[in-house]
Amino acid sequence: MMANLFSSFDPSSFPILSLNWLSTLLIFMVPSMFWLIPSRWNYLWIKLIMLMHNEFKILIKSPVNKGSTLMFTSLFTFIMMNNFMGLFPYIFTSSSHMTLTLTLSLPLWISFMIFGWINNTTHMLAHLVPQGAPSALLPFLVIIETTSNIIRPGTLAIRLTANMIAGHLLLTLLGNSGPSLSTSLLSILIIAQILLLTLESAVAIIQAYVFSILVTLYSSEVN
């Protein structure tokens with residue numbers, strides 16, 4: 001029996017080495033049917049990767065960074081697989097922890113900032129002052145733009161973490177109320193759980209897409 005609702009998100013269930021984080025590495029053990037050619041899984045996987053490649057290529061708008069779409073596609077795949085992994089019973093949802101989400105967002109944001117300020121200093125300074133802004137408001141706008149830029153990795157991490165935790169907590173709350181319900185209410189609860197699980201599957205894809213798209217947009221601003 002769980003001590004509290006958040007115990008399912010506790011990575012420290014083992015005294016010496018937590019085996020929960022191993023679920024993050026399971027996505028690298030993809031079965032051969034996903035990559036053996038020809039196969040339907042391989043065709044579907046390639047279509048998904050090409051779709052994401054075209055999306056990121058439109059957002060980057062720079063012919064210089066030709067290989068960056070591969071990095072963002074890999075990021076999307078990694079987050080999506082981890083989100084889906086957390087939907088299985090008794091598997092730790094690693095993407096619901098700031099430890100993982102900040103590890104993804106912070107290094108990317110820092111590398112974008114270092115690249116932008118070293119190679120495109122004038123362009124980065126121009127981003128701090130919106131075009132056509134009144135001169136009296138320029139100091140305040142610079143502070144606001146700087147603050148919004150600094151908190152970007154935090155908002156990326158919190159957005160992914162909060163969305164993963166919210167759905168799982170709702171599923172846990174409804175699941176814990178099952179033993180005390182009658183047979184008729186239990187059937188309604190099962191249908192509601194199936195619908196919520198379908199919704200969480202969509203959220204797993206959407207949150208991975210939003211995270212990778214926002215990272216792509218941040219990278220396009222430094223060019």
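## Ground rules

Numbering starts from 1 along each chain as its sequence is written. Because the model is predicted, local features need pLDDT of at least 70 and side-chain atom pairs pLDDT 80 or more, while totals for chains, interfaces and linings use all residues; side-chain values use heavy atoms, without hydrogens and water.

## Overall fold

Let's start with the chain, which has seven helices and zero strands (DSSP runs numbered from the N terminus: H or I of at least four residues for helices, E of at least two for strands). Buried residues, meaning those under 20% relative accessible area with a 1.4 Å probe and protein chains only, make up 34% of the 223 residues.

## The nonpolar core

The largest nonpolar core has 27 residues, and L75, I79, F112, F211 and V215 touch the most other members. Such a core is a set of buried Ala, Val, Leu, Ile, Met, Phe, Trp, Tyr and Cys residues joined through side-chain atoms within 4.5 Å. Helix 1 (40-60), helix 2 (68-85), helix 3 (98-119), helix 6 (152-176) and helix 7 each give two or more residues to this core, and helix 7 supplies the largest share, seven residues.

Beyond its neighbours within four places in sequence, L75 is in contact with L104, L108, F211, S212 and V215 (heavy atoms within 4.5 Å).

## An exposed residue

I194 sits in helix 7 (residues 183-221). Why does I194 count as exposed? Its relative accessibility is 52%, and exposed means over 50%.
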